Amino acid sequence: MKKKRVYLDYAATTPVDPRVIKSMRPFWSEKFGNTVSLHSFGREAKAALENSRKKIADLIKAKSSEIVFTCSATESNNLALKGVVESSGKKHIVISSIEHPCIMNSAEWLKGQGVEITKVSVDKYGFVNPLDVEKAITKNTALVSVIHASNEIGAIEPIKEIGKICRAKGVPFHTDAAQTFGKLLIDVNKMNIDLLTACSHKIYGPKGAACLFIRQGVGLNPILHGGGQEFGIRSSSVNVSAIVGFAKAAELAEKEMESENRRLISLRDKIISRALRIKGAYLTGHSEKRLPNSASFYFSFVEGESIILHLDLAGIASSTGSACSSQKLEPSHVLLAIGLKPEQAHGSLRVSLGRFTTEQEVDYFLKVLPKVIAKLRKISPLK
Amino acid sequence: MYSEKVLEHFQNPHNYGKIKNPSGVGKAGNLRCGDLMHLYIKVDKDEVIKDIKFETFGCAAAIATSSVVTDLAKGKKVQDALRISSQDIVKSLGGLPIVKIHCSLLAMDALAEAVYDYLKKNKKEIPKEIEKKHKVLEKQKKEIEKRYK
């Protein structure tokens with residue numbers, strides 16, 4: 001008998017939707033041209049690229065000329081931070097303390113180049129206070145970057161308010177929307193966003209495609225130099241099939257967003273309410289102002305990697321911010337930032353749902369989880 | 001990333017739980033990752049470890065190394081049990097990821113502490129290195145236990 005497998009790690013990555021695969025297929029061997037070529041092969045590739053660009057731009061109310069395709073959210077975030085800082089000549093940036101490692105480590109790299117970093121703290125739910133951002137901005141601030149929603153605890157940040165402050169201060173505002181693009185409505189104008197990172201593989205598109213929205217007029221230097229593709233901002237032969245898939249995935253996500261979110265929120269809340277019945281279980285992040293598809297917890301006196309592994313042995317895929325699960329043996333900086341002690345972060349668990357998650361799968365998880373926690377507690381010296 | 005053996009011990013750990021009226025109790029903690037282990041031994045008059053049990057709060061590697069150290073120590077004389085090395089533990093588990101080697105040290109530390117406790121309670125001579133190790137481990141353990149208060 002084939003082992004039952006339940007995927008509850010959609011925040012890590014998602015399977016490619018069959019409709020997306022179908023949209024990509026012609027661009028591997030049939031319409032394989034290079035977008036910069038002048039002949040018909042090149043032109044059909046270029047047309048597909050520009051069509052995709054328009055689709056993505058429309059979804060966030062941007063102009064086509066403001067979308068630069070990259071190969072990952074990590075690349076987009078690197079480009080936003082390094083590109084804007086270098087272009088501005090200023091030596092200070094403001095980020096939050098719950099950014100994804102690719103923002104954290106890009107900032108760390110900039111620090112080595114003499115750029116000062118201010119990390120704005122968050123409250124116990126993981127929310128940034130826009131007034132703290134205001135206080136952190138100086139005359140020398142090149143960029144503010146705050147994640148749209150936390151990949152670990154689901155907290156949705158007050159992006160519009162932060163953007164408004166940045167706009168008033170004349171500082172470009174970047175948000176990493178890797179977890180929200182295609183899941184929450186985004187309007188870069190209404191939300192005062194100057195740069196935005198979006199990516200494909202979190203919304204049932206292929207890996208290897210992402211983009212950076214760069215508002216017209218925002219200065220940004222390229223970090224890849226070459227043939228001048230993507231308005232000279234991101235040289236590289238364009239991965240047309242992946243980008244076509246990305247745009248198709250974005251289109252589907254938007255079309256199905258409302259009904260899908262309603263479905264996911266109901267499943268998410270079922271997980272939250274039922275998991276919290278376990279003694280010594282605590283929710284991380286806010287109970288409502290969080291991603292529709294993400295539930296995160298910590299369980300006292302048990303360790304996260306052990307939880308993950310036991311769940312995995314039962315066929316369930318999930319994730320943890322425990323120190324034991326990291327190569328550096330350090331607990332998640334996000335969990336520490338919301339005030340968890342290392343030993344609390346030690347027992348952390350994140351489950352994230354998606355398009356192919358069924359109620360039966362959720363029920364199976366909820367049946368297995370209490371048993372796993374009980375089993376590990378039985379072995380634990382702390383009770 | 002884990003060997004079959006590790007997963008086997010993780011899923012069905014040997015000798016977990018407590019011993020009533022143990023001859024010695026060893027507690028050890030890992031300051032870096034936060035793992036915690038308690039080890040209980042029952043020693044007979046011939047100084048043989050007749051029974052041994054553990055309780056561990058930690059990752060799969062920590063649980064598996066705890067389990068395997070109880071297997072290795074059971075039936076051994078206390079002096080011989082002290083000779084169990086990190087390599088012995090790792091070998092019995094069919095290897096451990098490099099980043100998890102420190103977990104095997106935790107198991108050894110807890111065992112050394114249990115033996116120390118037994119020797120001390122019975123007013124037996126304590127080898128110098130065990131005494132020295134105890135001082136270091138005692139400090140670490142207190143630090144960890146403070147965290148879990």
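Modeller: Two residues are said to be in contact if their C-beta atoms, placed from the backbone, lie within 7 Å. The model discussed here is a predicted one.

Where the two domains meet, 23 residues of domain 1 of chain A are in contact with 21 residues of domain 2 of chain A. On the domain 1 side, strand E10 (294–299) and helix H10 (333–337) of chain A each supply at least two residues. H10(A) gives the most to that side, with three residues. Sorted by class, this side of domain 1 of chain A has eight nonpolar, eleven polar and four charged residues.

Chain A also touches chain B: 19 residues of chain A are in contact with 19 residues of chain B. Helix H9 (304–313) and helix H11 (342–345) of chain A each supply at least two residues of the side of chain A that touches chain B. H9(A) gives the most to this side, with four residues. The residues on this side of chain A comprise eleven nonpolar, four polar and four charged.

I now turn to chain B itself. Chain B has six helices and three strands, and from the N terminus on its elements follow the order α-β-β-β-α-α-α-α-α. The radius of gyration of chain B is 14 Å, close to the 15 Å that the globule rule gives for 149 residues, so chain B is as compact as a globular protein of that length. Along its principal axes, the C-alpha trace of chain B spans about 45 × 35 × 25 Å. Of the 149 residues in chain B, 46% are buried. Among contacts in chain B between residues at least 6 apart in sequence, 64% join residues at least 24 apart.

Finally, consider helix H6 (residues 128–147) of chain B. At 1.5 Å a residue, the 20 residues of H6(B) should span 28 Å, and the end C-alpha atoms of this helix are 30 Å apart, which agrees. H6(B) is hardly covered, for two of its 20 residues are buried. A residue counts as buried here if 20 or more other C-beta atoms lie within 10 Å of its own.

Technical notes
Residues numbered from 1 in each chain as written. Chains lettered and ligands numbered in written order. Predicted model: local features only at pLDDT ≥ 70, side-chain atom pairs only at ≥ 80, totals over all residues. Nonpolar A, V, L, I, M, F, W, Y, C, P; charged D, E, K, R; others polar. Rg over C-alpha atoms; globule rule 2.2 N^0.38 Å. Buried ≥ 20, exposed ≤ 12 C-beta atoms within 10 Å, placed from the backbone. Expected span 1.5 Å × (residues − 1).
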